[in-house]
Amino acid sequence: LTVLGIETSCDETAAAVLRLDANGPTVLGEVVASQFDEHRDYGGVVPEIAARAHAEKCDDVVRETLKASGVSLSDVDGFAATTGPGLVGGVMVGMMTAKALSIATGKPFIGVNHLEGHALSPRLSETVDFPYLLLLVSGGHCQFLRVNGLNDYQRLGSTIDDAVGEAFDKSAKVLGLGFPGGPALERAAAEGDETAVKLPRPLLDRPGLDMSFAGLKTAVLRASEAEPLTRERVCDISASFQAAIRDVLVHKTRTAMQMVRRDLPSDAQPAFVIAGGVGANKTLRSALQGLCEEEGFAFAAPPLKWCTDNGAMIAYAGAMRLALGEQSGMDLAARPRWPLDEASAASAPVFG
Ligand code: ATP
Ligand code: MG
Ligand code: FE
């Protein structure tokens, strides 16, 4: 089964061709075109600019992906695209492209939930059996999910305000670290002292899996105004911020692991997965890997390039659905909001 996947829900125009067979998935070729230059002056993603950039780049990205994969359109068995959640202008571009290719070739179209792409992404590079505990940390989401299988996601807890990626991006902006903020803040943190600035660990003392990061962002703003922002100070605040995030995520993940453990046989070797753009952060990855050793969970995470948005994860989710005989209708509409634990692509209520 060979599937082309297209991703356009935020600020990367991406596509991949993936082959799924008895040995699992193989990515034959992929292209990711990021819009960093387009949004840099604004310090964040501007939806209108993103939509236009996707429209300009999408056809070329698909063409280059096919070329890099060494397959022609007639070799492709299905066309998958992110149909939500995300910025609706961008989502429309990828979705319409996949639908057009589907009509032109007479092969199925499959609408994919972007979060399902992230949720399944560790399986692109290693064997991770269901069920597993997933920490999805991205630009718009921060949640624990029990992934029981395709289409079977159980949300265990989430942030009550900002996503972790959002907190990274906004703190980076306050610190003058530029866009995109996450990787820039991680680099600054590597040079700083994480004990230099006292920052809160929100909801750490509260039982359960609610998380909150808005207050941390405000605390970074206050710290940035308290003293002149020298390079050293920026690095210290960055390191202290990253340490606060790490402490909260480690603590909440431990709670989530204990919850999941209770429902499993005592000899089970469950896996813990971190996915989404923030999963590319090396400090967080290694702290959570250490926690896995303590709690007896197998650690899994996609390679860095598949943490942030990419076409491979969309092609993979599409291929898995196609393999089950699922496909979407041409009347499927884009959904700006679409919780992962709600409903499947094919049966989901539509927007617009
Ligand atoms: P969502 O998946 O929730 O719709 P998104 O698609 O915009 O949001 P991703 O592409 O998965 O998000 O991730 C982007 C986010 O990851 C940004 O907020 C970015 O700052 C953050 N990020 C990327 N690399 C790192 C890193 N090394 N450290 C911390 N954060 C990072
Ligand atoms: Mg992005
Ligand atoms: Fe994403």
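Guide: Here is a short tour of the sheet, its helices and the ligand. This is a predicted model, where local features need pLDDT of at least 70, side-chain atom pairs count only at pLDDT 80 or more, and totals for chains, interfaces and linings use all residues. Residues are numbered from 1 along each chain as its sequence is written, while chains are lettered from A and ligands numbered from 1 in the order in which they are written.

Visitor: What makes E1 and E4 a pair?

Guide: Strands pair if DSSP finds at least two bridges between them. Strand E1 (residues 2-7) and strand E4 (residues 78-84) have 4 bridges, in the parallel sense, and one of them joins Leu4 to Phe79. So they count as a pair. Strands here are DSSP runs of E, at least two residues, and helices are runs of H or I, at least four, numbered from the N terminus.

Visitor: Why are E3 and E5 called edges?

Guide: The open sheet runs E3-E2-E1-E4-E5, with mixed pairing. E3 (24-34) and E5 (109-113) each have a single partner strand, so one side of each lacks a neighbour in the sheet.

Visitor: Which helix gives the most to the shell around ligand 1?

Guide: H6, with 4 residues. H6 (181-190), H4 (114-120) and H5 (164-174) each supply at least two.

Visitor: What makes 15 of the shell residues polar?

Guide: Ala, Val, Leu, Ile, Met, Phe, Trp, Tyr, Cys and Pro count as nonpolar, Asp, Glu, Lys and Arg as charged, and the others, Gly among them, as polar. By that rule the shell divides into 6 nonpolar, 15 polar and 3 charged residues.
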